[in-house]
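Have a look at the picture first, then read on.

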Amino acid sequence: MSDRKITVEFNDQIVRQFLLASVLWAAVGMLVGVLVASQLNFWQLNFQTAWLSFGRLRPLHTNAVIFAFVGNMMFAGVYYSTQRLVKARLASDFLSKLHFWGWQLIIVAAAITLPLGLTRGKEYAELIWPINIAVALIWVVFAVNFFWTLAKRHEPSLYVAIWFYIATIITVAMLYIVNHLSIPTSLLHSYPVFAGVQDALVQWWYGHNAVAFFLTTPILGIMYYFIPKAAERPVYSYRLSVVHFWSLVFVYIWAGPHHLLNTALPGWLQTLGMTFSLMLWAPSWGGMLNGLLTLRGRWDLLRTDPVIKFMAAAVTFYGMATFEGPLLSIKSVNALGHYTDWIIGHVHAGALGWNGFMAAGMIYWLVPRLWNKPLYSTSLANLHFWLGTVGILLYVAAMWTSGITQGVMLGATTDNGTVLAYPNFLDTLNTIRPLMLMRVVGGGLFLVGWLLLVYNLWQTLRGAQPVNGSVEFYADSHEAEGDTRLTLIGAILNPPVLFSVLGTGFACAWMFGANLVSIAGLVGTILCAILAYAHWESRGQAWGAWYDKLLVNSLPFTILTFIAVVAGGLIQIIPTVIAHRAATVEDRRQIPYSPLELAGRDIYVREGCYTCHSQMIRTLVPDVLRYGRLGVTADYSRLGESIYDHPFQWGSKRNGPDLAHVGGKYNHVWHLRHMENPRQISVGSNMPSYPWLLTSDTDVAALPGKLSVQRTLGTPYPDWTPAQIGKLVNDQAKEISADLKASGAYVAPEKEIVALIAYLQHLGKYETVAPAKPVAAK
């Protein structure tokens, strides 16, 4: 040991900034959440104002909670714990400031653009392309600052929390970049490069794993640091944390297709998503048990310490949510729960219970240490806990009951399954209204609890002086420890990695292969498992020594983590993306939209209609009976019906009926009246009115650029001149306007409502094609 004494003062100013930003944005996000939940009960709360309508505010709510609230909380927790775990100050004060202010500017930009209807129309990925570039750049700033700090560390071995932070940084970057690949049509608009089923798969590969690697893995890292600190106990099981980490980051990435069960997604991908979702039970509950059992011997603190209360409840909610997720991925359960409020309850059990409570526990623990002043009121913190708990339970119970009621009613049939028991969608809506109101009460209680936290912090910080933590230690001569170094080749060419790679390869052959290939894959998987276990039993110390060396070398560790997460994505996405889209359409091929219809589709996306309406008739009898067309056999949605849809609009929630085949079902004036005042057409509807569509003009000038990008993306449009586009738009718009006038409801042809009607009347139009025949063996 060296006699040289080192003192490190941590950069806790950046932690304080991210913590306070998280508290502020959480209140904003929750307030918007209570408003949009109330809008589903009282349509008048849309105020007949475009930027306050449900379809525009719901994406604002989700983005505020995910990226503003949890994002800022995550950065605060990561920066606080990392400095202490590696005994080093953050590498760059400049990068830390750039990270903080850049992230806040992104949040403000999102808060402005989303209510204005500037969106990409993909859930959790709505932000327009200039903001996406800013997100990617700021994430790179975060990554550089983090890994640079690791390079300067004075603690050689990486603690388990750091593992989860590494997985978060590299995986979120990969997911975000791939799902946000777009071609701009203007400064504020773009089209995703993927379409239809490809876009659906990539979106839910991102959407599911955004939950995994933005809302779960970093919070697990925070759990592994702050629960032992708060309980003053070591992590229950180091070995369990190793199994938890590697199994979670490998398995999670495969589970995205379970969001698309019973749809036009190829069957093998649905089976893949369901299988790996069920496998998630093991690592998720392993992590939950590791967190809860860390509290062994300190359960008495639950009576007095609000920090322990929040963290123990958070880990419990994590266990509940990660049990429910795999359950909902079972096809038969998914058929009942998908598109219903059950999914909303599941999401909020995680967001409020896991993220919200872990954030509250971390904040209550950090504030006295960052400002060197005791918390103003422990009683208020305890009251916050009980208000939040009751709020979550009311919310989740209401959504479970509502969702199951929806699923049962919408799936109920009579006459041996040939007639719907509740043919009117509004029957279901009116039945669940009390439960939707109960959700507002639950969400309101959670918001009140959070406002108590805001008040408690305000009182604590009054007159308080910020302080930075520090650590003193003697410099060790780590440079002399050459036997701890591990090359990249040495990291990969090791039994644990080789057995994992071989086992995965054989398992893929077993699941996806046919006949002899599948049998060989099964045999290989079993042999691999047996040999790996035998080798571990005989050479377990060598495995442990290899892993200890791996933890001292952050680069090989990071590369192995990247390989673990990228494998599942490549196996899912590449076969779907490289397939020739127009040749893989089952028996139907979508007819491209006319220029006016394309403009109407962009209006549909702008207004957030996908947040309430799906465009995917599942391969379920009740779906076909309810949304299919009379006289058309097996009228469920085909893969080919959305191959030119940039972005896809399959949706994830039905607050209203599916629209995949709505074209031609109603006349033009029906659609006009429905958008003008939905209750005039559907008594009891909670849909907002859209009066601005009757006064705003369609942006025809943008269509040449949009059609050019569509051609680049593979949509078979002719190379029309702007004049030709204008004529096509004018002719179709005049035809619709004349039809409306004949029905006694004149609207000028240039108005947006005309373009939207044109789009809605196109939905479900396709050309019949012969299914591809298998090539005969020679």
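## Starting at Arg629

Let's begin with Arg629, which is partly exposed, with a relative accessibility of 23%. This is a predicted model, so keep that in mind throughout. The side chain of Arg629 meets that of Asp635 in a salt bridge, with N and O 3.0 Å apart. Asp635 is a buried residue, and its relative accessible area is 0%.

Salt bridges also turn up as a connected group elsewhere: Arg56, Arg606, Glu607 and Glu752 are joined into one network through shared partners. Over the whole structure, a search finds 25 salt bridges.

## Arg588 and its two partners

The side chain of Arg588 makes a polar contact with the side chain of Asp635, at 3.1 Å. Arg588 also reaches Glu641, side chain to side chain, in a polar contact of 3.0 Å.

Where does Arg588 sit in the chain? You'll find Arg588 in strand E7, which covers residues 588-590. Its relative accessible area is 3%, so Arg588 counts as buried.

## Asp623, between two arginines

Which residues form salt bridges with Asp623? One is Arg618, whose side chain meets that of Asp623 at 3.2 Å, N to O. Asp623 is buried, at 6% relative accessible area, and Arg618 is buried too, at 5%.

Arg654 also forms a salt bridge with Asp623, and here the closest N and O atoms are 3.2 Å apart. This pair links distant parts of the chain: Asp623 belongs to helix H22 (621-627), while Arg654 is in the loop between H22 and helix H23 (668-676), 31 residues apart. Arg654 has a relative accessibility of 3%, so this residue counts as buried.

That loop between H22 and H23 also holds Pro647. The peptide bond from His646 to Pro647 is cis, with omega near -5°.

## Cysteines without a bond

How many disulfides does the structure hold? The count is zero. Take Cys609, which is in no disulfide: the nearest cysteine sulfur belongs to Cys612 and is 8.1 Å away.

## Rings, and charges over rings

Phe310 comes from helix H11 (residues 306-328) and Phe385 from helix H14 (residues 378-411), so the pair links distant parts of the chain, 75 residues apart. Phe310 and Phe385 are both buried.

Some rings have a charged neighbour instead. Arg369 lies over the face of Trp365, 3.8 Å from the ring centre. Lys741 places its charged end over the ring of Tyr746, at 5.7 Å from the centre.

## Two asparagines with positive phi

Next, a look at the backbone. Asn262 is not a glycine, yet its phi is positive, near 65°. This asparagine is in the loop between helix H8 (238-252) and helix H9 (267-279). Asn372 also has a positive phi without being a glycine, at about 50°. Its place is the loop between helix H13 (341-371) and H14.

Are these asparagines buried or exposed? Asn262 is buried, with a relative accessibility of 8%, whereas Asn372 is exposed, with a relative accessible area of 60%.

## Stepping back to the domains

Finally, the overall layout. The protein is divided into domain 1 (13-469), domain 2 (485-582) and domain 3 (588-769). Between the C-alpha centres of domain 2 and domain 3 there are 46 Å.

Terms used: Residues are numbered from 1 along each chain as its sequence is written. This is a predicted model: local features need pLDDT of at least 70, side-chain atom pairs count only at pLDDT 80 or more; totals for chains, interfaces and linings use all residues. Side-chain values use heavy atoms; hydrogens and water are left out. Helices (H or I, at least four residues) and strands (E, at least two) are DSSP runs, numbered from the N terminus. Buried means under 20% relative accessible area, exposed over 50%, partly exposed in between (1.4 Å probe, protein chains only). A charge sits over a ring if NZ of Lys or CZ of Arg is within 6 Å of the ring centre and within 35 degrees of the ring normal. A disulfide is a pair of cysteine sulfur atoms within 2.5 Å. A salt bridge is a side-chain nitrogen of Lys or Arg within 4 Å of a carboxyl oxygen of Asp or Glu. A polar contact is a pair of N or O atoms within 3.5 Å; within protein, one must be able to donate a hydrogen and the other to accept it, and residues adjacent in sequence count only if both atoms are side-chain atoms. Domain bounds come from an automatic or database domain assignment.
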